[in-house]
Amino acid sequence: MAGGARSTLLVWLQRLRRGHVSGLTGRSSSAGAHAPKKSALLEKGLVLSSLSFLAIGSYRWKNRHAVVYASIKVEDVKEQADYLYGSGELEKLYGFLSQYKDSNDAEILWRLARACRDLAVLSKTAPNDKKRLVYESRDFSKKALELNASCAEAHKWYGICLSDVGEYEGIKVKIGNAYIIRDHFERSIELNPKDATTIHLIGLWCYMFADLPWYQTKIAAALFATPPSSTFEEALIYFEMAEEVDPNFYSKNLLYLGKTFLKLKNNELALLWLHKAKVYPVRTEEEKEVHKEATDILKSLGVKV
């Protein structure tokens, strides 16, 4: 995103922090349901005769009710998928949603992209399966976005999944996709300003580019006229915003608040957030990794844990 647009978003988010932005929706695991449009098959280019009027009227009635039925089915799929996701049944969720991989509903497809990605990052997933799932997640999230460009979750998950693909396609592709990824995260926030996860992801983007190894910085400068860059100060803005939108929502945000304050030489606040990350309840593999990293950093700082 261009510098001016990025500045506008930051100003807008800072207004959000002070409560000056109205009409915001609550945080949700989806971008909202979209009711299907009524079929217009009979209204386009048909020449009706008086003899066929009753037959066409009957067809209109049946078609209208078929659309309602399809809508109910989509809602049922989403409800079941969200239940399985909330229960941590990742393999069952993937199996369930895979039945609908040819769906033309963005709400189903971004959930399938998420399910693919969640399986891909599990330690027990074999390398070949991991790669296949990463590319599947990218493809499903991309299709969801093509179907509904106003879906905040589709933008978020396409950004996440595109980032994962970069791990397989080399540093040039990874850095080249960086602006695209950030643009999708920022568009997701515009559509759903209450999503703390996406705000955290932009913070993580900033942190990673502020902390880019010197050799990758040289590669980026050689490949791109204006390579992606950021600062730890900018990363901190987003991590703090995420925490204000939804306090203690994510152990990784607590961890990165601690790590960012360390980078900024503020050990007092670093210790505060690292301790919060350490005592955060551990339920998932990622939370276990966060707990370990926070504990290791605290030990390296001389803290007894």
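Author: Helix H11 passes helix H13 in a left-handed crossing, a term used if the near helix is turned anticlockwise from the far one by less than a right angle, and right-handed if clockwise. H11 covers residues 251-263 and H13 covers residues 285-300; helices here are DSSP runs (H or I, at least four residues; strands are E, at least two), numbered from the N terminus. This is a predicted model, in which local features need pLDDT of at least 70 and side-chain atom pairs count only at pLDDT 80 or more, while totals for chains, interfaces and linings use all residues. Residues are numbered from 1 along each chain as its sequence is written, and side-chain values use heavy atoms, with hydrogens and water left out.

The axes of H11 and H13 lie 9 Å apart, at an angle of about 25 degrees. Each axis is a line fitted to C-alpha atoms over the stretch in contact, and angles run from 0 to 180 degrees between N-to-C directions. The two helices are therefore roughly parallel, since angles under 35 degrees are given that name, with over 145 roughly antiparallel, 65 to 115 roughly perpendicular and the rest oblique.

From H11, the contact (heavy atoms within 4.5 Å) draws on Ser251, Lys252, Leu255, Lys259 and Leu262. H13 contributes Glu286, Glu287, Val290, Glu293, Ala294 and Ile297. By class, five of these residues are nonpolar, one is polar and five are charged. Here Ala, Val, Leu, Ile, Met, Phe, Trp, Tyr, Cys and Pro count as nonpolar, Asp, Glu, Lys and Arg as charged, and the others, Gly among them, as polar.

A second pair may be set beside this one. The axes of H4 (residues 106-120) and H6 (residues 152-176) come within 10 Å and cross at roughly 30 degrees, which makes H4 roughly parallel to H6. The crossing of H4 and H6 is left-handed. Trp110, Ala113, Arg114 and Arg117 of H4 meet Glu153, Ala154, Trp157, Ile160, Cys161 and Asp164 of H6. That contact holds six nonpolar, no polar and four charged residues.

Of its 305 residues, 41% are buried, meaning under 20% relative accessible area with a 1.4 Å probe and protein chains only (exposed is over 50%, partly exposed in between). Among contacts between residues at least 6 apart in sequence, 66% join residues at least 24 apart.
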